[in-house]
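Please read the following report alongside the sequence and the coordinates.

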Amino acid sequence: LCLEVCKRYQNIQALAYLYRQAGFYEESLNTYVLLLSKIADKLLDPSAPRDHFEINLAEYRKNFGSAVKVCLKHALLCVKAGKSELGYSLLNHVYTINVRASHLTDRSAKAIDQIKTLLSDCMKKLILGIMGQANVENMIKRLAEQYSDLQFENFKDIFSAANISYIFQKNLLDTAKVILEHNRFIQFEALLKVHRAGVSVKSIRCGRCGKQVNVGADKEFLAYNCGHVYHASCASVTDECWRCVALEKSMLWKPK
């Protein structure tokens, strides 16, 4: 019902928010991109009131932050489902606005610089936001293929730093995976050795009743890796050494 009301009255910001809350991330991001494009039109329009310029800058920054959150949530789902990320559409939007700003001739140099600074900040926010969840390297390559070097110029430092950071994180994760796999192998080998090893018995008296354990006469008895021996009838029903468990409990207990 709320979605229908927002659609009827063209409340784009509320519609984007409701889509996000409902988990419709593609619809939410498309709506945010539409909203950001409308705000960008006002920023780039030389006939727009000057006193609204700062308000529109703040409004663009705020809604861009919300769009990045949508990209991040969608990227998390994409990692699990193996789908493509939404981040590129937002990345492409920023780039399109940047190209339009570069061709402005009827705006003051100060206003153009403010717009480009805003776009650079937003680009950085997006790249850093989705760095761990999306393939940023592929996104940057797609942008480089679509736009010329000149249009790419004021984002080069951001992309270069992001690419280095992405490669570093990827190498770090790959190294951590190798270490964990190696550690798991070592632990598995240790468990096999314990399983194959013989038991060195500390005493031939039952660890619970204290009576003699006669190997020949007592047909059933249990010897644990800790070295304690029990009659089958005295052993713990949980298959744990009764004395060791009692010792651990006594060490954990503290007087009031």
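## Basis and overall composition

This is a predicted model, in which local features need pLDDT of at least 70 and side-chain atom pairs count only at pLDDT 80 or more, while totals for chains, interfaces and linings use all residues. Residues are numbered from 1 along each chain as its sequence is written, and side-chain values use heavy atoms, with hydrogens and water left out.

The protein chain has 10 helices and two strands, where helices (H or I, at least four residues) and strands (E, at least two) are DSSP runs numbered from the N terminus. Read from the N terminus on, the order of these elements is α-α-α-α-α-α-α-α-α-β-β-α. Of the 256 residues in the protein chain, 34% are buried; here buried means under 20% relative accessible area, exposed means over 50%, and partly exposed lies in between, using a 1.4 Å probe and protein chains only. Among contacts (heavy atoms within 4.5 Å) between residues at least 6 apart in sequence, 60% join residues at least 24 apart.

## Helix packing

Helix α2 (residues 12-22) and α3 have axes that come within 8 Å and cross at roughly 160 degrees, the axes being lines fitted to C-alpha atoms, for helices over the stretch in contact, with angles running from 0 to 180 degrees between N-to-C directions. The two helices, α2 and α3, are therefore roughly antiparallel, in a scheme where angles under 35 degrees count as roughly parallel, over 145 as roughly antiparallel, 65 to 115 as roughly perpendicular and the rest as oblique. The crossing of α2 past α3 is left-handed, a term used if the near helix is turned anticlockwise from the far one by less than a right angle, with clockwise giving right-handed. Residues making the contact between α2 and α3 include Ile 12, Leu 15, Ala 16 and Tyr 19 of α2, together with Tyr 25, Ser 28, Thr 31 and Leu 35 of α3.

## Aromatic pairs

A pair of aromatic rings is described by the distance of the centres and the angle of the planes. Rings of Phe, Tyr and Trp (its six-membered ring) pair if their centres lie within 6.5 Å, and planes under 30 degrees apart count as stacked, over 60 as edge-to-face and the rest as tilted. A search of the whole structure finds three aromatic pairs. One of them joins Tyr 19 and Phe 24, whose ring centres are 6.3 Å apart with planes at 75 degrees, so the pair is edge-to-face. Tyr 19 is buried at a relative accessible area of 11%, whereas Phe 24 is partly exposed at 40%.

The rings of Tyr 60 and Phe 64 have centres 6.1 Å apart and planes at 20 degrees, so this pair is stacked. Tyr 60 and Phe 64 are four residues apart in helix α4 (residues 53-81), which means that about one helical turn separates them. Tyr 60 is buried at 0% relative accessibility, and Phe 64 is likewise buried at 0%.

Asn 56 lies in helix α4 and is buried, with a relative accessible area of 12%. Leaving aside residues up to four places away in sequence, Asn 56 touches Ile 39, Lys 42 and Leu 43.

Lys 125 is placed in helix α6 (residues 109-130) and, at 44% relative accessibility, counts as partly exposed. With residues up to four places away again set aside, Lys 125 touches Gly 65 and Val 68. The C-alpha atoms of Lys 125 and Gly 65 are separated by 7.7 Å, although the two residues are 60 apart along the chain.

## Cysteines

How many disulfides does a search of the whole structure find? The search finds zero, a disulfide being a pair of cysteine sulfur atoms within 2.5 Å. Cys 206 is in no disulfide, and the nearest cysteine sulfur, that of Cys 209, is 3.7 Å away. Cys 206 is buried, with a relative accessible area of 4%, and Cys 241 is buried at 8%.
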